[in-house]
Amino acid sequence: MKQDTIGYDSLEARPLPKWLTDQRDGLNYYQPEMPKMMEDHSLNIAVVSTGAIIIITLLLFTAYFIWKKRKKIK
Amino acid sequence: MKIRGFRIVWFAAILSMACTTKVSEWFLLNAVPDKYILVYYHNGQHTDKVKWQNNELDNEAKVANVLFQPIQKEDVKEPYYALYYNNRLQAEYSRYDSLRTLFSSPLRREIADELMDGKLCVMLFLKTGIPEKDERRMEIIQHTISSSPFRDVITLKELDRNNWEEKHFVSMLLQVESDLKEIQEPMLFGIFGQFRALEPLLANGISPENINLMIDFLTADCSCLIKDNLPGMSILSETSWENPEPAMVNKILDDNPALLHH
């Protein structure tokens, strides 16, 4: 036992065997890793990047059509 | 590539089997018992009788989990034997005759047979010889085992701590923990694997809850945590542990998957 060197005053206070306390407390088996809640920014990033792409595309097309119209007038 | 894939599947299969083997079965198949060392201290003067005795001990030791080693020391006045387990002195014997039943005894043979027959464990009730103390605990043990779904694979044995024929066995059991010799209370040892004795439940610790925890411990999946830190102590025994019967507990668990646990 790994607990038998611990001093005790009476038989009632004598520690239980380690195999027993580990079995009782579920420590004889590797505990599965608890998933941690992380802050999720993916939605914000998706909205901003989609918006940015739309705006850039609009700007490019606008500039292109203006340039094309001017060329036609000339 | 195909061979590599096959190897990976094979390794995964072995790994998954290792993790679902129950504690009692894993110990029986894999955990080789720790060796005791029996030393004969002498000052160099050997009679023919002593040579013959040492030869006998050497032969007997080959089939038990013990090494016999004569050691010559100048300061030894009278030759004597000393038994060690994990470098800890267990007992000293002044005469060869007192080593009778050291390596084996009737009860140890019975217990080894039960383990080789595929039983989950042998619960050994070490009695104090005081009926008022022993009978109450015995009732609790019998009632708890008979209520357990694993009752058919658990053998209950009794042993009086003053039993002369089993004195070496009693002595080894009382060495499982450093303070057991001083405690005059009934004790319940779980014996499993290749004669490994768990640290006992004693006095009020012999309760239905704790007995069921002992059963749970032995019927659980064997985890690396248990393999890395083997509980209990090996008992000296003259047993060949080759080809044991399949573990009976597996049939109970296969028929009742609800009993599976960690």
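Helices (H or I, at least four residues) and strands (E, at least two) are DSSP runs, numbered from the N terminus. The exercises below concern a predicted model, in which local features need pLDDT of at least 70, side-chain atom pairs count only at pLDDT 80 or more, and totals for chains, interfaces and linings use all residues. Residues are numbered from 1 along each chain as its sequence is written, while chains are lettered from A and ligands numbered from 1 in the order in which they are written.

**Exercise 1. State the secondary-structure content, the burial and the confidence of the model.**

Step 1. Chain A has 2 helices and 0 strands, and chain B has 9 helices and 10 strands.

Step 2. A residue is buried if 20 or more other C-beta atoms, placed from the backbone, lie within 10 Å of its own, exposed if 12 or fewer, and partly exposed in between. Of the 74 residues in chain A, 11% are buried; for the 262 residues of chain B the share is 34%.

Step 3. The model scores are ipTM 0.81 and pTM 0.77. In pLDDT, the predictor's confidence in each residue from 0 to 100, chain B averages 88, and 90% of its residues score at least 70.

**Exercise 2. Describe helix α7 of chain B and its crossing with α5(B).**

Step 1. Helix α7(B) covers residues 208–219, which is 12 residues. The expected span is 1.5 Å times one less than the number of residues. From first C-alpha to last, α7(B) reaches 16 Å, close to the expected 16 Å.

Step 2. The buried residues of α7(B) include B:Asn210, B:Ile211, B:Leu213, B:Met214 and B:Phe217.

Step 3. Axes are lines fitted to C-alpha atoms, for helices over the stretch in contact, and angles run from 0 to 180 degrees between N-to-C directions. The axes of α5(B), residues 131–147, and α7(B) come within 10 Å and cross at roughly 50 degrees. Angles under 35 degrees count as roughly parallel, over 145 as roughly antiparallel, 65 to 115 as roughly perpendicular and the rest as oblique; α5(B) and α7(B) are therefore oblique to each other.

Step 4. The residues in contact (C-beta atoms, placed from the backbone, within 7 Å) are B:Ile140, B:Ile141 and B:Thr144 of α5(B), with B:Pro208, B:Ile211 and B:Asn212 of α7(B).

**Exercise 3. Determine the surroundings of B:Leu218.**

Step 1. B:Leu218 lies in helix α7 of chain B. This residue counts as buried because 25 C-beta neighbours are inside 10 Å.

Step 2. Leaving aside residues up to four places away in sequence, B:Leu218 touches B:Val23, B:Ser24, B:Leu120, B:Cys121, B:Gly190 and B:Phe192.

Step 3. B:Trp26 is 192 residues from B:Leu218 along the chain, and their C-alpha atoms are separated by 9.8 Å. For chain B, among contacts between residues at least 6 apart in sequence, 78% join residues at least 24 apart.

**Exercise 4. Locate B:Asn87 and B:Asn243, and give the phi of each.**

Step 1. Most residues other than glycine have a negative phi. Phi of B:Asn87 is positive, near 65 degrees, and that of B:Asn243 is positive at about 50 degrees.

Step 2. B:Asn87 is in the loop between β3 (80–85) and β4 (88–93) of chain B. The place of B:Asn243 is the loop between β10 (233–234) and α9 (249–255) of chain B.

Step 3. B:Asn87 is exposed because 6 other C-beta atoms lie within 10 Å. B:Asn243 is exposed, with 6 other C-beta atoms within 10 Å.

Notes: Two residues are in contact if their C-beta atoms, placed from the backbone, lie within 7 Å.
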